[in-house]
Each structure stands twice: as structure tokens, then as C-alpha cells.
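Work through these exercises with the model open beside you. Try each task before reading its solution.

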There are 2 protein chains.
Amino acid sequence: MTRLVLCAGITRTAEIDGISAAGADPELMVHTPSADSEILTYGRTVRSPVVPVSPTGCPTPAVVTRAVVERLGLETTVVDAGLAEPTGAPTVTVGANPGRDVRESDPVPSAPGAFAAARQFGRALPDDELFVSETVPGGTTTALGVLTALGEADVLGTSGEAGAVSSSLPENPLGLKREVVAESLAASGLSPGEAAGEPTVALRRAGDPALAVVAGLAAGALETDTAVTLAGGTQLVAAAACLRHGGYDRRLSLATTSFVAEDPSIDLDRAADALDLSVTVTDPGFTDDHPAMAAYNAGEAKEGVGMGGALALAERASVPMADVRSGVRDVYDRLLAETDREVPAP
Amino acid sequence: MTRLVLCAGITRTAEIDGISAAGADPELMVHTPSADSEILTYGRTVRSPVVPVSPTGCPTPAVVTRAVVERLGLETTVVDAGLAEPTGAPTVTVGANPGRDVRESDPVPSAPGAFAAARQFGRALPDDELFVSETVPGGTTTALGVLTALGEADVLGTSGEAGAVSSSLPENPLGLKREVVAESLAASGLSPGEAAGEPTVALRRAGDPALAVVAGLAAGALETDTAVTLAGGTQLVAAAACLRHGGYDRRLSLATTSFVAEDPSIDLDRAADALDLSVTVTDPGFTDDHPAMAAYNAGEAKEGVGMGGALALAERASVPMADVRSGVRDVYDRLLAETDREVPAP
């Protein structure tokens, strides 16, 4: 059996102006992972006061993943990987707390413990195959922090340039991310590469709790011969780097979207070679006649909540992408109807 | 869509010698709801160090419910209704804490808050139909406490006798339960019937957190026109009494097993009339050639973890009971294989 696990968490790094598009407004962004967990589980929000749709109409990739989950009857599990707001989704507890701004000296003290608990959970899950995914606004910046601390800052760089990750924004604020990462390492007294071979150090000092849980889950699953697909973009590349630096040399797959694969600010093939990843890229064939799809075509969001993994599973099950797109429209309409809904309390 | 919600919690009342069969040993019993949640979700234990199978080989009813869930692809959700031990199942949080022994004066202070949060969650769930169930060792005693506080102690009594509920033991320790309930009401300064019309008072002073969450969830679902089936035995009758006393007069169904319906210590028809419940009783046709099934035929366990509701859903979907029984054997074998793997035998 295949299970899609979503690791949902917060890093206060996302509050740095200009870092993330996950959420229309910084004050609402803190709800995004909680809302994503609900959308993945129920196809709509339940407790979250926020529906994660940007002002341009770009919905969270949870909409796409949920559309596939509904088509395939896929099993999903949400892990509380440091949520800061309540969610109505059932969550597994691994002791993760919301991460602080990585420019502080010890932003994710719960990372080693959460990695260990997630690893045990990954070992115990009964499945043949796990797709592991994340929702953490600001997560590409912390991914760059982890890559840099591990000495892998150039693993995604076009022409081998250091300091590259993707972005949920059409204009990737890479300069800002590099500055934040440099400050993060300085605050922790780490030089680039100083955490090589020590992924939990990198995750604790320059990462976020969701990435720690993703890496721990995947580690435990690999130890028990469960097939692991990292379902996502450059954040999942950072998870792969953690696994390789942790001595996990088994087969690892990465399934992502065409929006990440075609992102000109990164070189995914380079990372796949360097980290020995078999990469699956799936293009949902979005057309510009729907605001959700047009936004993705314009470079917003790109990936998250296991979107690329879900699309790969749809393709493997021979579900036509036209059916997936139709499902995306359904889930999107349901979400927008909710913003008008609100049942009055009696 | 139909969803089965399991409300999993603890009352220390279960530690009173002779009260409950849910768990082979009092020290292991505290793990039963956590293990049941895992079995319902994954078909096996994940974090729980205990597999709830009695020394006679009687497995938790979670085995039966899981067998149906696997056959039907039924959606399930676990609510943490006062768990005292970790579970690897994802759970929804409603602020419930483990209940203390009902002979204390305020054994479930979290009951009103958990009822309110569960009610909001029940209002927000997207389903057309909810089956609401429980796993709480000692729960029939606290159910009798709630019924007595509400002035409904005779609602299940054969020949109108006061103080009747079912039991997970073949020999129902009704005398002991009545003593415990009398002490509970005395400790709270309540006379029988004094909490009539005030279900959260009854739940707080003489109940358990799982019953509070069951009642709250059902209340919220009824308010939003979701069809509600109380999936279980006399504990769910107590939930029905809470709803009626709370002014909820909509249609309410109860789905239970033939083991409860045929329990000579109760009169289920009487409760159905008094509380206006449409009752569905399903007989899984257990045969004595398997230890699990023979134990149920001998009067052990009888119900729990939504077993009666799951059986009713299997029947509604025209799944032959022979298929359900075959699934029970599969899940049971998987669980016992686990006890060889790592778990000390009970």
C-alpha cells in the first residue's frame, strides 16, 4: 500500500518580508499549514479561519493533491511537524515545535527529537511505499540554510553557482534568502559545510521542524525497506541531502512538478546526480482559462503538500490529467464557496 | 460521504478491580484506546507496546471494525478524547484530558470544554453521515454514572429496574458498577436525576471524557443536518440520553452488535423507545472455530470501537458477513504476528 504523509509546520523565517507566497498576508500565513492539512484530509477547511488562496487567485497546492487523493482513494496521514495554529485534521505527534526565525542562534531546538520520533514512526508504519511531503511557509529559505550548513549550497545551482533553491513566488528572492542563510549560520557560529555529515545539526541551526520530520520519517522508512518518494521540490532536495549526509545510501526517489523542474533559478538534474535521486517530473497540463491554473502557469506556488508526488501517482494509476484538472476545479470551487459559507453559531 | 469517528479516551474508573475487560491487565489497559486507534487507522499497532487481546484470546473489537474499514474503504477519524498514552494514529484535538476515577468529586473537568470543541468540530465536518464511536475502558460504568445523574438510570433496565448497562465481561459486575456510581454522585453532591437537562454536568461529575466528546460531536453534526448514527452499545445509549437532555430532538440512530442486543442484563428496546432511537442490530455470525469469535460468542467484549456500526455499514453495502469474518481472521493474525515480533505477551 502507498501512503502520502504530510509534514506540516511553521518557521518564523516566513515572516521576513518578501520571503514567501504561502498565504495572502503574513498574519494569515501562520494558518496555511493547518489549513493545508484540513484540505488534504477533508477537501475543505474545518477549523482554519483561512482559505489559502493568494490575492491573484492562486490556491495552495493542497487543492491539487486533494483532487488526486479523491480520485485514487489514496491514504494520507498528517504529522504535526511544528504547527502554530489549531487544525481540524487529525495529526500524529512527534514532539516538533514551531521553528523560530533562522537568524536566531538555536531556531529549531526540537529538530533532533522530532527527527528521532519521526524516524521511529517511519519504521513502524505498515506501508510498502511512502510519499513524504511538506507544508511550511518559508521552507525554501530554511532548505537553503540546511543545504548550506551541510556544504551542499551549490547542489541546485545553475552552472554550479552556490545558494540556489526554488520559490513559491514568480520572482525568486534568492538574494534575500542567501542573506538570511548567511545570518543564520553566523548566529549559530557555523561556517558553510561545517554540519557536513550531521543533518540534525543543520536542521536545528539553519532549518525548520517540517524538514526535520520529513527527513526523520524517510530515514525510518528506508531502514525498514519501505520505498520512499520525496514528494516535493527543492525542500525535498534538502531532505535528500540530509539523508545522504546521515549515511542513508538506499534508493531515493523525488517526484515533483514541471513548475519546479522548469524553474530557471535551479538545476534539478544537477541535484539528482549529486544526491543519486531518481526524479519523476509530472506536468498537470494546466491551462490559462482557470485562475488557479493560470497562477501556476505564471510561476506562483509551483509545488507543496506533495503536489508533484500526487501527480506522479495519478499518472502511474493512468488517471488522465484532464480528470485531475477537473478535480482541481471542483476542490477550488468548494474552497471558495466556503469563504462565503460560515455557519452561524446557534 | 460516511465517516466513522472514534473518540478514544481514558477514565481511571477502569482501574477499579473487576470493572472492565478492555485489556488483559490494569497496567496495560491504559494503552488500549491508543492501540485501538492505531488498529483502526493502520490495521496494526504502531507505537503502542500492547496488542489488546485478552488471555482467552479475545481481541479488541477494533479488529472487527478494521476488517470492515478495509473492505469498504471507509473514512475514519480518531479524536483524542482524553488519551493517557501516546498513539501513532493521527488524532484531532478537542482539549479532552484523561478522566479521573468517578468516585472523586470532579473527575472530568475537561468535559464541558471538550463537548464544546467537539460540537464545533462536528458542525464543521463535511460529511453527509457520521458514525460516532468510542474506546474507553471502564466506559459502561461512567455511562451508568451519566444515566443516573440525568435521571435515566432505568432506561436500560430489564423490567424497569434501575442501574443497568452492558459489560465487556461475560459476568457483568452490575452491583459493583452501581456502588461506584452511587459513590460518584455522593462525591459530587448530586442526587440521582439532579443533572437532568444538563448533560455536561452529568458528563463532568459522573462520566468520562470520551462520552463527552461523542455527545459533543453528535450534537454538532445534528445541528448541521448531518445524519448521526451512534455506533456502539450502552455507552452510546448514554450519549443519546445526553443529546435528548440537551434538547436535541432530531432523528438519532444506534447501531450495535447482536452481543449487546442479546445481553440479558439490559433491555435495549426499552432504551430505544424512551430515547426515540432507531436501532440496527447486526449479527456477524461468529462461529466457535476461531478463538476471537468464540470469545465474543462467550460474551466477552461485545462491542466497542464502532463494531456494531461497522457491521451495519457492511450489511448496507451488501458485503457478506462471511467476508467480514474472513477479514477479522486476517487482521487478528496480523496482530498476533506482531506480538511475536516485539511485544511482551499479556
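**Exercise 1. Is B:S318 buried or exposed?**

Solution. The model is predicted. Start with the place of B:S318: the loop between α13 (307–316) and α14 (321–341) of chain B. Next, count the C-beta atoms around B:S318. There are 6 others within 10 Å. A residue with 12 or fewer is exposed, so B:S318 is exposed. Finally, look at the backbone. B:S318 has a positive phi of about 60°, although it is not a glycine.

**Exercise 2. Find where A:A301 lies, and decide whether A:A301 is buried or exposed.**

Solution. First locate A:A301. It sits in the loop between α12 (291–297) and α13 (307–316) of chain A.

**Exercise 3. Describe the setting of A:D273.**

Solution. Begin with the element. A:D273 belongs to helix α11 (residues 268–275) of chain A. Last, compare sequence with space. A:D273 and A:V155 are 118 residues apart in sequence. Their C-alpha atoms are 9.1 Å apart in space.

**Exercise 4. Check the span of helix α5 (residues 139–150) of chain A, then find what covers this helix.**

Solution. At 1.5 Å a residue, the 12 residues of α5(A) should span 16 Å. The end C-alpha atoms are 16 Å apart, which agrees.

Step two is burial. In α5(A), 12 of 12 residues are buried. Among them are A:G139, A:L144, A:V146 and A:L150.

Step three is the cover. The elements over these buried residues include β4 (129–135), α6 (174–187), α7 (199–206), α8 (209–223) and α9 (234–245) of chain A.

Step four is the end of the helix. A:G151 follows α5(A), and its phi is positive, near 85°.

**Exercise 5. Which residues have the most contacts inside the largest nonpolar core?**

Solution. In soluble globular proteins, nonpolar side chains tend to be buried together. Here the largest nonpolar core has 121 residues. B:V213 and B:A218 have the most contacts inside this core. Helix α8 (residues 209–223) of chain B gives the most to the core, with 11 residues.

**Exercise 6. How many residues of chain B are in contact with chain A, and which elements give two or more of them?**

Solution. Count each side. In chain B, 19 residues are in contact with 18 residues of chain A. The elements giving two or more residues to the chain B side are β2 (75–81), β3 (91–96) and α4 (111–124). α4(B) gives the most, with three residues. Sort this side by class: nine residues are nonpolar, six polar and four charged.

Now look at α4(B) itself. It has 14 residues and reaches 20 Å from its first C-alpha to its last, close to the 20 Å expected. Of those residues, 10 are buried. B:A114, B:F115 and B:F121 are among the buried ones. The buried residues pack against β2, β3, α7 (199–206) and α8 of chain B.

**Exercise 7. Which rotation superposes chain B on chain A?**

Solution. The rotation is 180°, with 0.0 Å of shift along its axis and an RMSD of 0.0 Å. The two copies are thus related as by a two-fold rotation axis. The same surface serves both copies: 84% of the contact residues of chain B recur in chain A.

**Exercise 8. Where in chain A does pLDDT stay under 50?**

Solution. Take the overall scores first. The model has ipTM 0.92 and pTM 0.95. Chain A averages a pLDDT of 94, and 96% of the residues score at least 70. The stretch under 50 is residues 341–346 of chain A. For this stretch the model has three contacts beyond four places in sequence. Where pLDDT is low, the predicted coordinates should not be read in detail.

How values were computed
Residues numbered from 1 in each chain as written. Chains lettered and ligands numbered in written order. Predicted model: local features only at pLDDT ≥ 70, side-chain atom pairs only at ≥ 80, totals over all residues. Contact = placed C-beta atoms within 7 Å. Helix = DSSP H or I, 4+ residues; strand = E, 2+ residues; numbered from the N terminus. Nonpolar A, V, L, I, M, F, W, Y, C, P; charged D, E, K, R; others polar. Core = buried A, V, L, I, M, F, W, Y, C linked by C-beta atoms within 7 Å. Buried ≥ 20, exposed ≤ 12 C-beta atoms within 10 Å, placed from the backbone. Expected span 1.5 Å × (residues − 1). Least-squares fit on C-alpha atoms with pLDDT ≥ 70 in both. pLDDT = per-residue confidence, 0-100.
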